[in-house]
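Have a look at the structure, then read on.

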Amino acid sequence: MTLDAESPAGPPPDVPGIDVPRLAAWLARELPGSGRIGAIDLIAGGRSNLTYGITLDGGRRVVLRRPPLGHVQPTAHDMGREHRVLTALGGGTGVPVPRTLAFCADPSVLGAPFYLMDFVDGRVLRTREDAAGLTPEQARGLSEALAAALGAIHTVDVAAVGLDDFGRPAGYMERQLKRWGKQWDGSREAIRATGTDRALPEYDRLAARLAERLPADAAARGERARLVHGDFRLDNALARLEPRPEIAAVVDWEMSTLGDPLSDLGLTLVYWAEAADAEELPVGATITAAPGFFTRREFTDRYAALTGFDLADLDFYVAFACFKLAVILEGIHARYLQKATVGQGFDQIGDAVPLLLERAHRVLDTRSPW
């Protein structure tokens with residue numbers, strides 16, 4: 001939505017998560033000469049972080065990111081980490097990212113830390129409707145570009161860009177399993193507090209199976225630390241179609257760290273829809289089921305060719321991605337039940353959780369990522 005100024009000379013009214021007068025005062029201090037705030041657009045409505053487009057004097061557009069409202073896990077939505085990784089990658093790494101402008105750690109301004117970055121002109125391609133006018137050749141080009149962006153992230157020299165202390169790659173997958181287990185427990189407690197609950201017995205069985213199948217630790221094998229995005233998918237990127245298909249920027253870096261790159265690939269494959277799929281998730285880019293897009297197997301083959309990584313345990317990473325996404329969606333479901341979400345489409349999020357748990361078991365049963 002766009003919230004125009006109350007008058008030509010006045011600021012726009014507050015929007016959820018934004019105190020306009022306080023933000024304006026902070027902008028005047030941190031970005032002198034940036035001008036008056038003319039309008040604020042809610043770009044993304046809080047399934048993850050809240051994202052706003054801000055129009056300043058002269059038509060300049062910048063983007064603000066802040067944590068969601070309501071139930072927020074203590075280790076999630078770290079704006080400082082997201083700002084740091086974007087700043088580091090903006091130095092000619094080959095990873096397409098927006099240019100950062102300023103970071104605010106003071107919660108007295110907006111109630112939580114936030115940061116500003118340049119607006120990037122591009123499209124978020126998510127639904128089948130977004131495929132209207134998209135040629136199969138363009139769809140294939142976008143698939144190629146997305147695989148290249150993921151490969152670029154995973155082959156960044158983290159020491160050269162100052163991110164060698166950005167995480168602890170040793171024991172990464174084991175810690176991830178424990179971390180998301182704690183997130184699950186916190187979300188389930190929040191849901192029970194609303195007076196609403198449901199039985200999900202497949203969760204505990206899946207957590208145990210994943211613990212038994214943990215692959216050999218990459219760091220223990222002497223492999224160098226790799227940057228992990230944490231939520232990589234087509235609709236967490238801004239795409240351009242002309243003059244040729246390209247990824248203009250990869251966004252939503254809140255879960256980035258150093259770790260096992262195949263965790264990114266596994267999650268991308270879970271999000272990636274195909275025309276023959278029997279079930280559709282309420283998240284991810286269903287546009288990839290349109291003609292011309294890579295299949296999951298083709299995307300994997302292209303990624304393997306770009307990185308040279310060993311994908312023998314890919315079934316584990318796909319199953320783990322189902323587990324992780326189920327936990328994330330249960331957290332969003334908790335915020336929805338608390339009436340703390342901003343935007344539409346949250347009423348169906350909870351329904352995807354049992355589907356993801358079942359899919360994970362199916363992948364482990366067949367030992368096939370497909």
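This is a predicted model: local features need pLDDT of at least 70, side-chain atom pairs count only at pLDDT 80 or more; totals for chains, interfaces and linings use all residues.

Residues are numbered from 1 along each chain as its sequence is written, and side-chain values use heavy atoms, with hydrogens and water left out.

**Overall build**

- You're looking at 10 helices and 10 strands, taken as DSSP runs (helices: H or I, at least four residues; strands: E, at least two) and numbered from the N terminus.
- The radius of gyration is 20 Å, close to the 21 Å that the globule rule gives for 370 residues, so the protein is as compact as a globular protein of that length. That radius is taken over C-alpha atoms, and the rule is 2.2 Å times the number of residues to the power 0.38.
- Along the principal axes, the C-alpha atoms fill a box of roughly 65 × 50 × 45 Å.

**Where the domains meet**

- Contact (heavy atoms within 4.5 Å) involves 29 residues of domain 1 and 38 residues of domain 2.
- Between them the two domains bury about 2700 Å², 56% of it on carbon and sulfur atoms; buried area here is the accessible area (1.4 Å probe) that two parts lose on being put together, summed over both.
- There are nine residue pairs in polar contact between the domains, both residues at pLDDT 80 or more. A polar contact is a pair of N or O atoms within 3.5 Å, where within protein one must be able to donate a hydrogen and the other to accept it, and residues adjacent in sequence count only if both atoms are side-chain atoms.
- On the side of domain 1 that touches domain 2, strand S2 (37–45) and helix H2 (79–89) each supply at least two residues, and H2 gives the largest share, seven residues.

**Salt bridges**

- The whole structure has 25 salt bridges (a side-chain nitrogen of Lys or Arg within 4 Å of a carboxyl oxygen of Asp or Glu).
- Two salt bridges run between domain 1 and domain 2.
- Arg65 pairs with Asp252, with the closest N and O atoms 2.9 Å apart.
- Arg60 and Asp118 form a salt bridge at 3.7 Å between the closest N and O atoms. Arg60 is in the loop between strand S3 (50–56) and strand S4 (61–66) and Asp118 is in strand S6 (residues 114–118), so the pair ties together parts that are 58 residues apart in sequence.

- Asp252 has a positive phi of about 60° although it isn't a glycine, and Asp252 falls in the loop between S9 and strand S10 (257–259).
- The Glu242 to Pro243 peptide bond is cis, with omega near 0°; Pro243 lies in the loop between strand S8 (237–240) and strand S9 (246–250).
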